[in-house]
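This report looks at selected features of one protein model.

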Amino acid sequence: MDASTDQHAQDSGDELREQVRTAARAARDAAAELALLPRGAKDAALHAMADALVERAPEIVAANELDVARAEENGTAAGLIDRLRLTTDRVAGIADGLRTVAGLPDPTGEVVRGNVLANGLQLQQVRVPLGVVGIVYEGRPNVTVDAAGLTAKSGNAVLLRGSASAERSNTALVAVLRDVLVEQGLPADAIQLLPSHDRASVRHLITARGLVDVVIPRGGAGLISTVVEQSTVPTIETGVGNCHVYVDARADVDTALRILLNSKARRPSVCNAAETVLVHRDIAAEFVPRAVAELRAAGVTVHGDEEVARLGGSGVVAAEESDWDTEYGSLDIAAAVVDSLQVATEHIRAHGSGHTEAIVTDDVRAARSFTARVDSAAVMVNASTAFTDGAEFGMGAEIGISTQKLHARGPMGLPELTSTKWLVYGDGHVRPAS
């Protein structure tokens, strides 16, 4: 590479960095305005966005079809294409998510706690917007609208950095949302789409400390670790979903089969899909053959340990050590027979990602022990892992599912997009000398 090429690359990098920082500065101004809006103005904007998405669905779907065609040409996996694809019905569902968010309580201004001190000072801790939120995510254009709706309702501005695979879809969606903001008399820069053609835009976003208040990565393990490890901006880590279903000795077999099939095969590409099933030895002879047969009928490949292979027969692929740590995102599942509930929870602690684990049992004591031992963002008792979802939890859409323990954990809705500040009311109070 000659000197002129080096200079051109540096100039391009400097230009992209300034583009991202300019967007962040505009977002800060927009966030300051949004923070003052009453709930009615924000809700009206969300309803208008929902209506506009439905009305302009044909142009959104047309843009998405170009992204899908390119993904298919590039040999993208079927599960990832399913995440990418938009249809008129899916756009309508995304719009309904905005309407749901509009109907939720506005967290901003909520008094978290307060009291009057002995000296007469009145204290209130109230919820306030985070400010400028950066979202880095992969090929799921529905995230574009979910994130925009949740941040707008909570009084935040958002910088969206989607993947190049969804570039046309995201551009079409953001154009609709920004048009509505203008029509509603709100700052269009409250919702901005950053360039996705160059990975350097992620680096510029996550190092814009002082301009961006928090970054939330959504996607695979590689994306998340890159953002968390390289960011100088505070991050909220949304982890991968290596989720488990544990079938206890006292499980109802029919119930366990129903939950397992729903957890794995309902939508295998999403992060709340089960990736491992653990079966208590006392029920394995009855459960495993039926589970293998029903999983195979649903198109699922079972990667089993020696005991699962013995009970499941030729329909089982021998599991490798790496299978226990794999988030397949596909119609594959790892399976093992365990000697006890304690062994199951030890396996989950060793291999789980802290996302969602489920137990199927009719034993109340076993359920209580499992929920106490398992340290994950969501723990299900006799319910599918598929329920770990902001909409299913009554939050409307979600900004992500946090697997960390600071600030937020589990599906993140409106309250998780706020911080707090203290309001202190006095009457000429001064602090006496020490």
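## The second largest pocket

Which helices each supply at least two residues of the lining of the second largest pocket? In this predicted model, the elements that do so are α4 (78–84), α5 and α6 (141–153), and of these α5, which spans residues 88–102, provides the largest share of the lining with five residues.

The second largest pocket has a volume of about 720 Å³, and of the 30 residues that line it, those closest to its centre are Arg-140, Asn-142, Asp-146, Arg-267 and Asp-389. Sorted by class, the lining of this second largest pocket comprises 12 charged, 10 nonpolar and eight polar residues.

## Val-101 in helix α5

Helix α5, which contributes five residues to the lining of the second largest pocket, also contains Val-101. Is Val-101 buried or exposed? Its relative accessibility is 1%, and Val-101 therefore counts as buried, the cut-off for that class being under 20% relative accessible area.

When neighbours within four places in sequence are left aside, Val-101 is in contact with residues from several parts of the numbering, namely Leu-46, Gly-149, Leu-150, Lys-153, Met-395, Gly-396, Ala-397 and Leu-414. The C-alpha atom of Val-101 lies 10.0 Å from that of Ala-152, although the two residues are 51 residues apart along the chain.

## The second largest cavity

The volume of the second largest cavity is about 40 Å³. By class, its lining has eight nonpolar residues and two charged ones, with no polar residues.

## The largest cavity

How many cavities of 30 Å³ or more does the count come to? The count is two, and the largest cavity has a volume of about 60 Å³. Val-277, Val-279, Phe-287, Val-288, Ala-291, Val-292, Leu-295, Val-302, Val-308 and Ala-335 line this largest cavity, and by class the lining has 10 nonpolar residues, with no polar and no charged residues.

Strand β8 (274–280) and helix α11 (281–297) each supply at least two residues of the lining of the largest cavity. Helix α11 gives the most to that lining, with five residues.

## Ala-284 in helix α11

Helix α11, which gives five residues to the lining of the largest cavity, also includes Ala-284. With a relative accessible area of 2%, Ala-284 is buried. Not counting residues up to four places away in sequence, Ala-284 touches Val-279, Pro-289, Leu-311 and Val-337, and among these Val-279 is also one of the residues that line the largest cavity.

## A sheet of three strands

An open sheet of three strands is arranged in the order β1-β2-β16, with antiparallel pairing. Why is one side of β1 and one side of β16 left without a neighbour in the sheet? Strands β1 and β16 (418–425) stand at the edges and each has a single partner strand, so one side of each lacks a neighbour in the sheet. From one strand to the next, the twist averages 20°.

Strand β1 (residues 111–116) pairs with strand β2 (residues 122–129) in the antiparallel sense over five bridges, and within this pairing Val-116 stands opposite Gln-122 of β2. The two strands form a hairpin with five residues between them, and Gly-120 in the turn has a positive phi of about 95°. On the other pairing, β2 and β16 are joined in the antiparallel sense over eight bridges, with Leu-423 in β16 as the bridge partner of Gln-124.

Notes:
Residues numbered from 1 in each chain as written. Predicted model: local features only at pLDDT ≥ 70, side-chain atom pairs only at ≥ 80, totals over all residues. Heavy atoms only, no water. Pairing = 2+ DSSP bridges. Helix = DSSP H or I, 4+ residues; strand = E, 2+ residues; numbered from the N terminus. Axes fitted to C-alpha atoms, helices over the stretch in contact; angles between N-to-C directions. Buried < 20%, exposed > 50% of the residue type's maximum accessible area, 1.4 Å probe, protein only. Contact = heavy atoms within 4.5 Å. 1 Å grid on protein atoms, 1.4 Å probe; cavity = no way out; pocket = protein on both sides within 12 Å on 5 of 7 lines; lining within 4 Å. Points joined across faces, edges and corners; volume = space filled by probe spheres on them. Nonpolar A, V, L, I, M, F, W, Y, C, P; charged D, E, K, R; others polar.
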